[in-house]
Amino acid sequence: MATLNCSSVVCVICLEKPKYRCPACRVPYCSVTCFRKHKGESATLRSLLLNPHLRQLMLSLDQGANKAKLMRAYMQEPLFVEFADCCLRIVEPSQNEDS
């Protein structure tokens, strides 16, 4: 795959040079270990997104006029906080996590 040769492409888990892409979502990863971690994160996020209450919260946030006010309110909802934390773990992996 030509895009994996680009110097700016990195593994979504460890930020090393990737060798592969996830067959489901096409994100780059470098090893089986990183793929398994990515797959686990994706499954957690997918299960959260299947929750109808969370989907309704996200829809009303998207359509709301005062998004900042809604975000403050929704960050009091444990389900929304869990969703936000899951997203942050994916986009900003902890430096202390074991691979």
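Predicted model: local features only at pLDDT ≥ 70, side-chain atom pairs only at ≥ 80, totals over all residues.

Guide: Residues are numbered from 1 along each chain, and side-chain values use heavy atoms, without hydrogens and water.

Visitor: How are H2 and H4 oriented to each other?

Guide: The axes of H2 (residues 52-63) and H4 (residues 78-91) come within 10 Å and cross at roughly 80 degrees; axes are lines fitted to C-alpha atoms, for helices over the stretch in contact, with angles from 0 to 180 degrees between N-to-C directions. Helices are DSSP runs (H or I, at least four residues), numbered from the N terminus. Angles of 65 to 115 degrees count as roughly perpendicular, so H2 and H4 are roughly perpendicular.

Visitor: Which residues of H4 meet H2?

Guide: Contact means heavy atoms within 4.5 Å. From H2, the partners are His53, Leu54, Leu57, Met58 and Leu61. On the H4 side they are Leu79, Phe80 and Phe83.

Visitor: How is H1 oriented to H4?

Guide: H1 and H4 pack at about 155 degrees, with axes 10 Å apart. Angles over 145 degrees count as roughly antiparallel. H1 is therefore roughly antiparallel to H4.

Visitor: Which helix gives the largest share of the lining of the largest pocket?

Guide: Lining residues have an atom within 4 Å of a pocket point on a 1 Å grid. Among the 15 lining residues, Cys22, Cys25, His38, Ser42 and Arg46 are the closest to the centre. Eight residues, the largest share, come from helix H1 (residues 32-49).

Conventions. Helix = DSSP H or I, 4+ residues; strand = E, 2+ residues; numbered from the N terminus. Parallel < 35°, antiparallel > 145°, perpendicular 65-115°, else oblique. 1 Å grid on protein atoms, 1.4 Å probe; cavity = no way out; pocket = protein on both sides within 12 Å on 5 of 7 lines; lining within 4 Å.
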